[in-house]
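Colleague: Could you walk me through this one? Start with whatever I need for reading the contacts.

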Amino acid sequence: MAHGILTDVLAAYVATACVPYIESASIRGRGSQNPCIWENRPSGHKRTASVKRGGPPVPISAPLTAEAAGNLGILPVSHWQQAQEEDAADDTDDTASTIGSLLSSTASLSQSIFEYRKILGRTYNSNVGNAEAWQPNDARHAEAMDIFHHLNTLILSGKLYTAPLPKKIQKAVDIGTGTGIWAIDFADEFPEAEVIGTDVSPIQPTWVPPNLKFEIDDLNLEWTWPNNTFDYIHSRSLIGVVEDWEGFYRQAFRCCKPGGYVEDVSNSVKAFSLDGTVKEGSALDQWGKVFFEGRNKFGRTFKIVEDDIHRKCMEKAGFVDIVINDIQVPVGAWPKDKTQQELGIWAKMALESDLEGYVNYIWGVVLGWTPEEISTYCAAFRRELKNTRIHGMYTTRVSYARKPE
């Protein structure tokens with residue numbers, strides 16, 4: 001299976017490139033292997049795969065002019081071209097920078113679902129509902145998402161969730177499941193529960209635990225599950241995806257059972273350092289500025305942590321016992337503490353595995369850059385990642401809350 005390939009590749013990476021940084025690391029297996037076909041909702045809750053639901057995606061305005069970008073503190077591509085020439089001689093790395101390609105498995109669906117949009121040489125989800133994902137759905141990015149899954153489990157001390165779930169639950173859903181790896185691991189951990197993973201792209205494997213199924217669905221459309229359906233509603237990495245966070249948690253509240261939990265894991269796009277080594281105008285500094293401007297270009301916020309979105313919207317929807325946990329995650333091999341160093345290496349590895357995939361759409365939409373210009377910025381970003389004198393970090397926010405009984 002593809003996951004087995006990923007496990008072997010990452011194990012080899014750890015064994016060769018990350019020693020002595022990492023004393024031990026393990027990747028969660030995908031567990032039971034049973035065939036699973038992407039399913040539409042049962043009668044009354046059906047989303048037909050071949051039918052394009054909803055209106056057109058949110059219209060995107062023209063890219064920023066050079067003057068507008070300058071006023072926002074966003075540097076032009078010429079800055080990164082000059083930096084590339086100046087730094088060309090300094091190209092040593094502290095860890096390996098690439099991972100072998102991962103074969104992408106997809107489930108059986110009508111052909112229209114696989115007619116992906118192609119933008120700047122990368123593929124994105126087809127027109128399902130109002131979905132307009134800024135991350136690609138091709139094999140290279142699927143690999144990066146699976147690496148981030150392992151990083152997130154390390155951030156959560158090896159856990160898939162932090163909400164105080166009972167040992168037995170009946171039904172859970174993973175909104176925006178991506179490659180499905182979290183849903184697969186969760187279904188293995190709760191074999192008696194019915195687990196659903198939803199996404200607009202059918203990029204999940206076909207062999208999964210028998211208690212798991214995937215559904216094509218746009219989370220920005222009305223949720224069609226009945227009231228009080230789920231014991232647990234999970235989401236992760238939906239930054240820049242959700243059009244209306246108040247509406248998201250309002251629907252989650254309706255679909256959550258009394259006494260059930262909702263939980264989200266979000267990563268801030270703002271890089272920082274505690275010692276001033278992430279400088280104003282650096283590639284790491286520019287990362288957050290461009291992403292933040294993305295909201296003004298296609299109407300979906302990237303300031304999830306900065307604007308305290310989850311706490312405010314959970315509370316407004318009616319959830320109680322809200323818990324917010326912010327975790328500072330290092331990027332790179334610079335930490336001296338072994339645990340932090342392990343996190344930093346995996347964070348660096350996750351970004352480097354498809355850096356262009358993360359910036360391709362936003363930089364193209366916001367700045368109007370070509371793939372070649374984007375690659376110039378990415379080269380500067382990679383140089384900063386491998387510079388152990390730069391102590392870059394970002395914030396992972398874990399939020400969960402309970403629906404009152």
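Modeller: Contact here means heavy atoms within 4.5 Å. On that basis, residues 24 or more positions apart account for 78% of the contacts in the chain with a separation of 6 or more. This is a predicted model, in which local features need pLDDT of at least 70 and side-chain atom pairs count only at pLDDT 80 or more, while totals for chains, interfaces and linings use all residues. Residues are numbered from 1 along each chain as its sequence is written, and side-chain values use heavy atoms, with hydrogens and water left out.

Colleague: What share of the 405 residues is buried?

Modeller: Buried residues, meaning those under 20% relative accessible area with a 1.4 Å probe and protein chains only, make up 56% of the chain.

Colleague: And Ala252, is that buried or exposed?

Modeller: Ala252 has 0% relative accessibility and therefore counts as buried. Leaving aside residues up to four places away in sequence, Ala252 touches Trp223, Ile233, Val262 and Phe319.

Colleague: How far is the C-alpha atom of Ala252 from that of Asn227?

Modeller: The two C-alpha atoms are separated by 9.4 Å, with the residues 25 apart along the chain.

Colleague: Switching topic, at what angle do the axes of helix 7 and helix 10 cross?

Modeller: Helices are DSSP runs of H or I with at least four residues, numbered from the N terminus, and axes are lines fitted to C-alpha atoms over the stretch in contact, with angles from 0 to 180 degrees between N-to-C directions. The axes of helix 7 (residues 283-298) and helix 10 (residues 355-367) cross at roughly 55° and come within 9 Å.

Note on methods:
Helix = DSSP H or I, 4+ residues; strand = E, 2+ residues; numbered from the N terminus. Buried < 20%, exposed > 50% of the residue type's maximum accessible area, 1.4 Å probe, protein only.
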